[in-house]
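I opened my notebook to jot down what I looked up here.

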Amino acid sequence: MDEGYRDRTAFIKGAKDIAKEVKRQAGKKVGRHVDKMADEYTKRSYTRFEEEDDDDDYPVQAQDGSYYRSNSRANDDEGAHSDSTEGHDEDDEIYEGEYQGIPRNDSVGKADGQPGGTAHSQFRDLTQYEAERRKDQEELAQQYETILQECGHGRFQWSLYFVLGLALMADGVEIFVVGFVLPSAEKDMCLSEPNKGMLGLIVYLGMMVGAFVWGGLADRIGRRQTLLISLSINSVFAFFSSFVQGYSSFLFCRLLSGVGIGGSIPIVFSYYSEFLAQEKRGEHLSWLCMFWMIGGIYASAMAWAIIPHYGWSFQMGSAYQFHSWRVFVLVCAFPSVAAIAALNTMPESPRFFLENGKHDEAWMILKQVHDTNMRAKGYPERVFSVTTIKTVKQMDELVDMGGEATAWHQRWRIKLTNLFHQVWGNFLTVFNPEYRRVTYMLMAVWFSMSFSYYGLTVWFPDMIKYLQKQEYSSRTKVFIKEKVEHVTFNFTLENQIHRQGEYFNNKFLNLKMKSMVFEDSLFEECYFEDITSTNTFFKNCTFIATLFYNTDLYKYRLVNSRLINSTFLHNKEGCLLDFSDENNAYMIYFVSFLGTLAVLPGNIVSALLMDKIGRLRMLAGSSVISCVSCFFLSFGNSESAMIALLCLFGGISIASWNSLDVLTVELYPSDKRTTAFGFLNALCKLAAVLGISIFQSFVGITKAVPILFASGALAAGSFLALKLPETRGQVLQ
């Protein structure tokens, strides 16, 4: 009896000792994990559902002072998977439990057991780190392609296709907005020729800045988040621009609207490509380009339906006017607003998460893609079989925020400064030796194509307007030395020139003057009331005892004229719209509509052939055909001929743009993709500004120079394109 009691006492004592030891070891384990969690998380690849016991790696000191690792793993095999599979319901494939994915890395444990190991790890050679990072990226690229193959192509990709298509559509709309409203806005805001030119170019300058800034940020803070910010800026300032009255305010709002939409193209293509498997990428990125065309069609249709309807306007006095063109500007913000709302339902790119060491988030998104596609295809029972995803090693970046005593604005300044250095450093890596040749070649191709394309697409409408003016001028009526007395003019005067005329005691009441010129004429005891004019001037005229009441005949319309005992009363403030340009307005919108619609065949052909003939053949072949088509411009001597040539050039050149977008996405790794794309797109907008400025200066002078410039740039671009590496059949870096 006593012996049994002693055995039980010994058993209880032993159990207590074991409990104390377990508690002590658990405390050590928790403390060690808290101290090293950040370093372990950035240095380890994740191994999901791996059986492990962190105590195995805990160094134990031997009697001789050395360190060894205990091997007690076999004792803990039972129940090793219970935490990682918690919440997985066999009837419902939605993953409900929190993923327990913190892996074990033997290399860190070994460093712990060696004097100076941690210091050596922290100050290791940067070249070795870059080599390890490149190796991780290569392994991730191969595995990621396999995962996308398992996820399949289905409902998720098509949903994302339409969401990102709205963002690309907003970019297409932005290109056309200013061009469509300029004929009305120039009269509404009294714009001079230099101001008109600046308003036409300001959108491209804003998009140039936006493409570079948002492209760089998307590689640091995420594709989805950056795209949401850029589209929000575009929407807000597009909305404001429809209400502001002054030229400077309108210019500023359109500039910031362009900055916002500038991030659309580089982010959208990079974002979508990271959800596409190899055999689908070229085709579906080309299909995505169709939304840029849809944006142009939308803008043309809305301009056609809204701007000529002058009844859609109101004004508060003569200082605040809200005409129909402002309604059009407001309507053009709708695609961007719709894209923001739809994008909130989409996840971040899992490839971005994996490149930044966020395994759990990436795994959950890829499982969402898999389950969404499988359910849509009628296979809800299929389970996402991926258990291990490679992540890329991260560089430890410690930023001194100054402690709790630091003011909030100083902390934000430190954060923004650090973010700027990260973005700028990532941009400079695009010119590293391994990417330098590709970057320079793509710069040349982007510049040459943009210079010729945007230059010609703006030159075509300007040439059509020039031909219209030539035809209008041919119908001008000229009156010389006419003498008119005691006559009341109350009808529209248009397209006339009056030289050396004499007008005595005449009344000009409630009429419109369009393209009227009076030269060396005399007006004596005349009365002008309620006059609305456009392109009307009095040159070297004399006004004697003449009264101007409620007119817009400002003194700048009286060129070198004399006023003797003449008075201006209640002049109309601001500038008024020209209500007689409806036919010309419809013509402009119709031409833009046809030119945009003409790219549809080119979009379809490029999408169907992109993965069959390759990106380089598509790019070079389309550029060569576009170059040849430029020589037909010399035959454009009428409006119909110019419209036909515009449609031909647009339909051919769109295949070049599609293939160039796909090439740019596939030639750079994921951590540099949007940075490089944004930089090249910014260069594209710079070339557009140069091309538009140069080509416009030759309108009405000669066709030879624009033809030579465009054909030469396209020929150079097609030659350089053949020097680029082909990316068809390759995994996404």
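First, a term I need: I call a residue buried when its relative accessible area is under 20%, and exposed when that is over 50%. I also keep in mind that this is a predicted model.

**Entry: Arg351.** I looked up Arg351 and Glu355, and both are buried. They form a salt bridge, with 3.5 Å between the closest N and O atoms. Both sit in helix 14 (residues 350-355), 4 residues apart, which is about one turn of the helix. Arg351 also lies over the face of Tyr144, 5.1 Å from the ring centre. I noted another charge over a ring: Arg382 is over the face of Tyr379, at 4.1 Å from the ring centre.

**Entry: other salt bridges.** How many salt bridges does a search of the whole structure find? I got 14. One of them joins Arg223 to Glu274, with the closest N and O atoms 2.7 Å apart. That pair links distant parts of the chain, 51 residues apart: Arg223 is in helix 7 (residues 223-241), and Glu274 is in the loop between helix 9 and helix 10 (278-288). Arg223 and Glu274 are both buried.

Next I checked Asp611, which forms a salt bridge with Arg615, the closest N and O atoms being 2.7 Å apart. Arg615 has a relative accessible area of 1%, so I put it down as buried. Asp611 counts as partly exposed because its relative accessibility is 23%. Both belong to a network of salt bridges that also takes in Glu145, Arg281 and Glu666.

**Entry: aromatic rings.** I counted 52 aromatic pairs. I picked out Phe548 and Phe568, which are stacked, with 4.4 Å centre to centre and 5° between the planes. Phe548 lies in strand 15 (residues 547-551) and Phe568 in strand 18 (residues 567-569), so the pair ties together parts that are 20 residues apart in sequence.

**Entry: cavities.** I found 6 cavities of 30 Å³ or more. Which residues lie nearest its centre? I wrote down Ile265, Trp292, Tyr454, Trp657 and Asp661, out of 17 residues in the lining. By class, that lining has 12 nonpolar, 2 polar and 3 charged residues. Helix 21 gives the largest share, 4 residues. Helices that supply at least two lining residues each include helix 5 (155-188) and helix 17 (433-473).

Conventions. Residues numbered from 1 in each chain as written. Predicted model: local features only at pLDDT ≥ 70, side-chain atom pairs only at ≥ 80, totals over all residues. Heavy atoms only, no water. 1 Å grid on protein atoms, 1.4 Å probe; cavity = no way out; pocket = protein on both sides within 12 Å on 5 of 7 lines; lining within 4 Å. Points joined across faces, edges and corners; volume = space filled by probe spheres on them. Nonpolar A, V, L, I, M, F, W, Y, C, P; charged D, E, K, R; others polar. Phe/Tyr/Trp six-rings, centres within 6.5 Å; stacked < 30°, edge-to-face > 60°. Lys NZ or Arg CZ within 6 Å of the ring centre and 35° of its normal. Salt bridge = Lys/Arg side-chain N within 4 Å of Asp/Glu carboxyl O. Buried < 20%, exposed > 50% of the residue type's maximum accessible area, 1.4 Å probe, protein only.
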